Amino acid sequence: MTFEDLPTTPRAEELLDKAFSRASRTGRAKDGWDAQESMLITAANILSDNLANVSTSWPDFEFEVEPFYYELADAVVDVDELRQALSEVNWASRRIDELRSEYQAKMRKSGVETARKHRKQAFARMADIMDEIEDDLLTVGEARDALKTLPDIRPDEPAIVVAGYPNVGKSSFVNRVTRASNEIASYPFTTKAVQIGHFERDRIRYQIIDTPGLLDRPEEDRNGIERQAVSALTHLADAVVFVLDASGDCGYPLESQLELLAEVEERFDAPVLVVCNKSDRSTDVEADAYMSVTEDENVDAVLDMAVEAVDFEPDLPSRGEN
């Protein structure tokens with residue numbers, strides 16, 4: 001997962017406390033001029049190294065983040081604001097390094113009392129820098145906390161997205177086809193939960209994704225974050241299973257369901273497999289397949305059709321490759 005291993009982001013105040021208290025202990029272990037230089041180096045190194053770790057632990061959004069995750073991240077946090085905050089943190093790390101070199105050079109030309117004054121002045125300037133990036137560290141920390149819970153969806157594995165109005169049987173279908181592997185998990189996203197399941201065919205692992213709150217109502221009913229999340233899914237889907245309920249038991253008229261189907265077909269470049277669920281109650285709609293999850297009728301056949309629609313060929317090395 002792109003963001004789950006990001007380290008905790010320290011706050012400016014706690015990082016300053018850590019740096020100056022460690023510097024104080026270092027200074028007590030030495031005398032005179034050496035104590036002042038050691039305090040300067042210790043504080044500067046702690047601040048600079050920790051800030052560098054904050055900025056470099058994040059992937060480069062432009063070159064290292066898959067388009068799916070980029071858009072999904074931007075739906076949760078403002079990626080441009082995050083990148084600017086990381087840039088400011090990186091600047092602070094470099095600036096504190098420069099201050100350490102600047103004041104080391106000044107100390108070498110001074111006596112103990114002047115060296116102490118230089119060290120105090122350096123500490124004050126470091127504190128000012130940390131004050132400048134206090135909000136940036138908060139922005140990075142909040143983004144880290146939000147993004148680390150994004151669903152573990154792997155862009156290198158084939159993905160089947162399940163769409164359709166509520167209560168048509170989408171979640172039941174996902175639960176049914178992933179039951180054997182017991183690999184289904186719920187991830188909080190906006191006010192709903194994205195359901196991710198896995199199953200295998202011919203030693204290939206497939207992801208199957210149920211998206212309540214995203215692809216179960218028309219575009220005009222989605223908020224901005226949800227629209228962007230749908231946009232992210234368009235990068236990921238290798239096939240879409242659109243589930244209809246012709247019986248009307250779901251509480252939504254078939255006409256509305258078909259309008260949502262038309263919207264999904266227009267948005268996704270991936271093949272859309274239209275499946276009529278609850279076929280034991282009604283098949284009064286044109287579809288690519290008919291099934292009844294509750295009666296366990298034709299469910300595996302629908303899954304096989306979805307796999308065929310994905311048409312995934314693993315990138316296997318040729319015999320001539322080492």
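User: In which loop does Arg 203 lie, and is Arg 203 buried or exposed?
Analyst: In this predicted model, strand S3 covers residues 192-201 and strand S4 covers residues 204-210, and Arg 203 lies in the loop between strand S3 and strand S4. Exposed means a relative accessible area over 50%. Because Arg 203 has a relative accessibility of 83%, Arg 203 counts as exposed.

User: Where is Lys 278 placed, what is its phi, and is Lys 278 buried or exposed?
Analyst: Lys 278 has its place in the loop between strand S6 (272-277) and strand S7 (289-290). Phi of Lys 278 is near 60°, a positive value in a residue other than glycine. Buried means under 20% relative accessible area, and because the value for Lys 278 is 13%, this residue is buried.

User: Which helix holds Ser 55, and which residues does Ser 55 touch when those up to four places away in sequence are not counted?
Analyst: Ser 55 is found in helix H2, which covers residues 32-56, and with a relative accessible area of 13% Ser 55 is buried. When residues up to four places away in sequence are not counted, Ser 55 touches Leu 86 and Asn 90.

User: How many Å apart in space are Ser 55 and Ser 93, C-alpha to C-alpha?
Analyst: Along the sequence, Ser 55 and Ser 93 are 38 residues apart. In space, taken from C-alpha to C-alpha, the separation of Ser 55 and Ser 93 is 9.1 Å.

User: Where is Gly 111 found, and what separates its C-alpha atom from that of Trp 33?
Analyst: Gly 111 is found in the loop between helix H4 (79-108) and helix H5 (112-132), and at 40% relative accessibility Gly 111 counts as partly exposed. Although Gly 111 and Trp 33 are 78 residues apart along the chain, their C-alpha atoms are separated by 7.1 Å.

User: With which residues is Arg 108 in contact, leaving aside its neighbours within four places in sequence?
Analyst: Arg 108 is found in helix H4 and, at 55% relative accessibility, counts as exposed. Its C-alpha atom is 17 Å from that of Asp 97, a residue 11 positions away in sequence. Leaving aside neighbours within four places in sequence, the residues in contact with Arg 108 are Trp 33 and Glu 37.

User: Where is the place of Glu 313, and how far apart in space are Glu 313 and Ala 289, C-alpha to C-alpha?
Analyst: Glu 313 has its place in the segment after helix H10 (299-310), and with a relative accessibility of 65% Glu 313 counts as exposed. Glu 313 and Ala 289 are 24 residues apart in sequence, and from C-alpha to C-alpha their separation in space is 24 Å.

User: How many helices and strands does the protein chain have, and why is it more spread out than a compact globule?
Analyst: The protein chain has 10 helices and 7 strands. For 322 residues the globule rule gives 20 Å, and because the radius of gyration of the protein chain is well over that value, the chain is more spread out than a compact globule, with a radius of gyration of 28 Å.

User: What share of the 322 residues in the protein chain is buried?
Analyst: The C-alpha atoms fill a box of roughly 95 × 55 × 30 Å along the principal axes, and the protein chain exposes about 16200 Å², of which carbon and sulfur atoms supply 42%. Of the 322 residues, the buried share is 47%.

Methods: Residues numbered from 1 in each chain as written. Predicted model: local features only at pLDDT ≥ 70, side-chain atom pairs only at ≥ 80, totals over all residues. Heavy atoms only, no water. Helix = DSSP H or I, 4+ residues; strand = E, 2+ residues; numbered from the N terminus. Rg over C-alpha atoms; globule rule 2.2 N^0.38 Å. Buried < 20%, exposed > 50% of the residue type's maximum accessible area, 1.4 Å probe, protein only. Areas by Shrake-Rupley, 256 points an atom, 1.4 Å probe, with all protein chains shown as cover. Contact = heavy atoms within 4.5 Å.
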